[in-house]
Amino acid sequence: MQDGQEQPDGGAPGERAPTGGVPAQGRRGEPAGDVYDWFRRGAQLLAQGHPAAAEQLLARAAEAEPHSRSIREALARAQFDAGSYAAALENFRAVALADPSDDYAQFGWGVAAARLGDFETSAEHLALAVAMRPETDHYRAALRQTRATLAARAGAYGPLLPGAPGYREPGVHGQVGGEPGGVDEDA
């Protein structure tokens, strides 16, 4: 590998390998290497369970190549795993809008929306992902969970039982009589 080929660790020929998965620094605090190197190292950090570190490198790569769907998708995955759900949603959304047939981007958009409490948007995009890849178990499971949450919020599973969160005793909370609104037709 002395002839200018890439080193196995992703570094440039003659460059020392970074220690502990931390990329070498270039000038002005910029990571060493080019955009592809940042992408590869960011993806490696993500695979190793370091989403916050991956997010830093992948954000640099996305800044340099804002139209790269693969960089934006990897960045969205890192942001989601790091708990930055709003940022992840925006990047999954950008990828899905650029290619509406990207089932993984639709799935990512849906699960990020669910984490932010927008279950209507979540159901829409998870349903698209499931329609594109019906055999994918985790797509179907996420859609079932979102639909169950929507149904529970709509009261589709019947009235709340005493002791359940949100349950109100009839005639309590300032109401007169047993009916909501204070009217008791049996009186």
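Reply: The axes of helix α1 (residues 35-47) and helix α3 (residues 69-81) come within 10 Å and cross at roughly 35°. This is a predicted model, in which local features need pLDDT of at least 70 and side-chain atom pairs count only at pLDDT 80 or more, while totals for chains, interfaces and linings use all residues. Residues are numbered from 1 along each chain as its sequence is written, and side-chain values use heavy atoms, with hydrogens and water left out.

Two packed helices are described by the angle between their axes and the distance between the axes. The axes here are lines fitted to C-alpha atoms, for helices over the stretch in contact, with angles from 0 to 180 degrees between N-to-C directions. The crossing of α1 and α3 is left-handed, meaning that the near helix is turned anticlockwise from the far one by less than a right angle.

On the α1 side, the contact (heavy atoms within 4.5 Å) is made by V35, F39 and L46. On the α3 side, S70, I71, A74, R77, A78 and D81 take part. By class, the contact has 6 nonpolar, 1 polar and 2 charged residues; Ala, Val, Leu, Ile, Met, Phe, Trp, Tyr, Cys and Pro count as nonpolar, Asp, Glu, Lys and Arg as charged, and the others, Gly among them, as polar.

The pair belongs to a chain with 7 helices and 0 strands, where helices (H or I, at least four residues) and strands (E, at least two) are DSSP runs, numbered from the N terminus.
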